[in-house]
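Subject: Structure for your review

Dear colleague,

Please find below the structure that I am passing on to you. My notes on it follow, and I would be grateful if you read them with the model open.

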Amino acid sequence: MISEGAAAPGFELPALVDGERRPLALDEYLGEDVVILAFYPADFNPACDETSCDLDELDLFTMQKDVTILGISPDSVYSHRAFAERYDLSVPLLADTAGEVARRYDLAFVDDIGQRLLERAVAVVDHDGVVQYAWSTDDMTELPRVEEIKDAIADTGGDDTAFARYRVGHAHYTEGRRAFTSAMGSFGDSEWMLAQNDFQRAREEFAEAEARFDTAVRFVDDESLVPVYDGSRTKANALWQAADWLAQSASAYSSGSGGYGQELREDAERPLENARNYEEPPPPDEWPPAMADLEKTDEPSSSILPEKTERESAALDVDIDHEVDAADGADPTSAEAAHRADATTAETDETDETSSDDPDGDATDGEADIDDTEIAEIQAEVAANNPETNYEDDEAADSAGVSERTADGAAGDDGTADDAAADRAAETSSDDPNGDATDETPVDGELELTDPTSDDDA
């Protein structure tokens with residue numbers, strides 16, 4: 001067996017990975033994970049029985065972060081598939097059918113009857129590709145020493161490994177910041193789909209950053225750096241949760257579920273507040289950080305998140321409430337509805353003021369308006385085309401009365417009006433013998449040409 005402290009020989013072998021056949025190389029994991037190389041004599045070897053196999057206990061290491069287990073034997077990938085299915089194994093199984101890797105690790109041997117076999121062995125390889133633990137046996141029934149493997153993994157790491165993990169985590173955190181900031185802007189502008197996509201991307205980046213910061217905490221030897229790594233992990237975790245809630249909130253708003261979107265947004269407040277209680281992770285280029293800079297003060301910390309007052313100034317809350325009202329139906333008696341009504345009334349009063357300064361009613365906001373003469377012509381033409389119209393109610397009679405006044409006003413105000421149009425308008429008005437049409441009821445959809453405050457009975 002290769003000795004501890006030696007560089008682990010590299011290799012690439014056919015493998016069964018998650019049920020799929022593909023080439024797998026040791027270099028895929030070096031620098032990222034602690035690698036356990038588990039050499040075993042063969043699939044379905046004498047250490048296996050009806051319910052368990054020799055890799056069962058090692059398979060449990062797959063649940064540990066930053067640890068990868070590779071099972072290696074002389075069997076083919078097809079045999080590995082049957083072996084994995086039989087014992088429900090999740091570790092990648094590599095096929096060293098030529099025995100080349102076994103020779104590199106000095107594990108090949110010939111038994112007493114001349115069979116070429118592979119020793120059972122375990123090698124723990126650190127992030128730098130150095131063998132930190134080595135064990136082997138030619139007894140086919142002897143199993144690996146799990147407690148020794150656990151101790152070897154715990155001893156693997158150190159400050160350099162912790163910092164390397166932190167550097168990768170900080171890169172993911174920075175990308176999460178960018179995505180989160182963009183998402184907050186889109187959220188405030190009610191651009192729900194953009195916000196949802198950016199929040200989802202931020203969630204993924206923060207989750208990856210949290211995992212890297214967590215491994216830094218596990219590997220660090222310098223106790224003074226533990227608060228840095230741990231605080232960074234906690235902040236990334238809080239932002240991951242907030243981004244998840246806000247992504248769901250944006251999705252709810254985009255689908256018209258404003259009330260549910262507001263509830264999800266409020267759920268995000270707690271992790272946001274938690275995130276604000278931690279400093280920003282220090283940049284790796286400024287390492288090691290000055291511990292005084294990490295001490296909490298009464299001053300607000302630098303954060304990618306707007307404080308409550310900043311959110312109000314950015315009208316984020318107002319925009320969200322507006323969307324909720326639009327989706328759920330705002331109460332017209334609410335303060336906000338009343339405020340909008342007051343604004344509308346003020347605008348109407350301003351319009352009336354402008355109309356009083358423009359008696360001809362031809363002032364517009366930059367668009368051509370219909371003058372009195374054209375209105376008279378339109379009304380007269382309508383009346384001419386419907387000579388037998390019977391008005392059965394007061395509302396229809398009122399409409400005819402407005403037509404008469406419109407024609408008369410047009411003729412009086414403009415001597416160039418078409419006499420024929422005026423005559424036809426007069427004929428139309430003769431169908432109202434009672435003369436009970438008033439100036440107070442404008443025809444639906446028409447401009448109101450008279451002063452609604454005038455008293456016709458005076």
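**Phe199 and the nonpolar cores**

Leaving aside neighbours within four places in sequence, Phe199 makes contact with Phe180, Ala183, Met184, Phe187, Ala243, Leu246 and Ala247. Please note that this is a predicted model. Phe199 is also one of the residues that touch the most other members of the largest nonpolar core, which has 61 residues; Ile36, Leu55, Phe61, Phe83, Ile149 and Phe180 are the others. Helix 7 (residues 226–254) gives the most to this core, with ten residues. As general background, nonpolar side chains in soluble globular proteins tend to be buried together.

**Aromatic residues**

The count of aromatic pairs comes to 18. In one of them, the ring centres of Tyr166 and Phe213 are 5.1 Å apart and the planes stand at 35°, so the pair is tilted. Tyr166 belongs to helix 5 (residues 159–188) and Phe213 to helix 6 (residues 192–219), so this pair ties together parts that are 47 residues apart in sequence. Tyr166 is buried, at a relative accessible area of 0%, and Phe213 is likewise buried, at 0%.

One aromatic cluster is formed by Tyr173, Phe180, Phe187, Trp192, Phe199, Phe206 and Tyr253. A ring also takes part in a contact of another kind: the charged end of Arg86 sits over the ring of Tyr87, 5.0 Å from the ring centre.

In the loop between helix 5 and helix 6 you will find Glu191, which is partly exposed, with a relative accessible area of 38%. Glu191 and Ala250 are 59 residues apart in sequence, yet their C-alpha atoms are 8.4 Å apart in space.

Seven strands make up an open sheet of mixed pairing, in the order 2-1-5-4-3-8-9. Strand 2 (20–25) and strand 9 (131–137) are at the edges with a single partner strand each, so one side of each has no neighbour in the sheet. From one strand to the next, the twist averages 25°.

Strand 3 is mostly covered, as six of its six residues are buried. Val34, Ile36 and Ala38 lie on one side and Val35, Leu37 and Phe39 on the other, and both faces are covered. Strand 3 runs parallel to strand 4, to which six bridges join it; here Phe39 stands opposite Ile72. Strand 3 runs antiparallel to strand 8, with five bridges between them, and Ala38 stands opposite Val122.

Elsewhere in the sheet, strand 1 (residues 12–17) and strand 5 (residues 93–95) run antiparallel and are joined by two bridges. Leu16 has Leu93 of strand 5 as its bridge partner.

Helix 4 (residues 146–155) lies across strand 3 (34–39), strand 4, strand 8 (120–125) and strand 9, and runs at about 15° to strand 8.

**Ser73**

Finally, I would draw your attention to Ser73, which lies in strand 4 (residues 67–73). Ser73 is buried, because its relative accessible area of 0% is under the 20% cut-off. Not counting residues up to four places away in sequence, Ser73 touches Tyr40, Ala42, Asp43, His80, Leu94, Ala95, Asp96 and Leu118.

With kind regards

Terms used:
Residues numbered from 1 in each chain as written. Predicted model: local features only at pLDDT ≥ 70, side-chain atom pairs only at ≥ 80, totals over all residues. Heavy atoms only, no water. Helix = DSSP H or I, 4+ residues; strand = E, 2+ residues; numbered from the N terminus. Buried < 20%, exposed > 50% of the residue type's maximum accessible area, 1.4 Å probe, protein only. Contact = heavy atoms within 4.5 Å. Phe/Tyr/Trp six-rings, centres within 6.5 Å; stacked < 30°, edge-to-face > 60°. Lys NZ or Arg CZ within 6 Å of the ring centre and 35° of its normal. Core = buried A, V, L, I, M, F, W, Y, C linked by side-chain atoms within 4.5 Å. Pairing = 2+ DSSP bridges. Axes fitted to C-alpha atoms, helices over the stretch in contact; angles between N-to-C directions.
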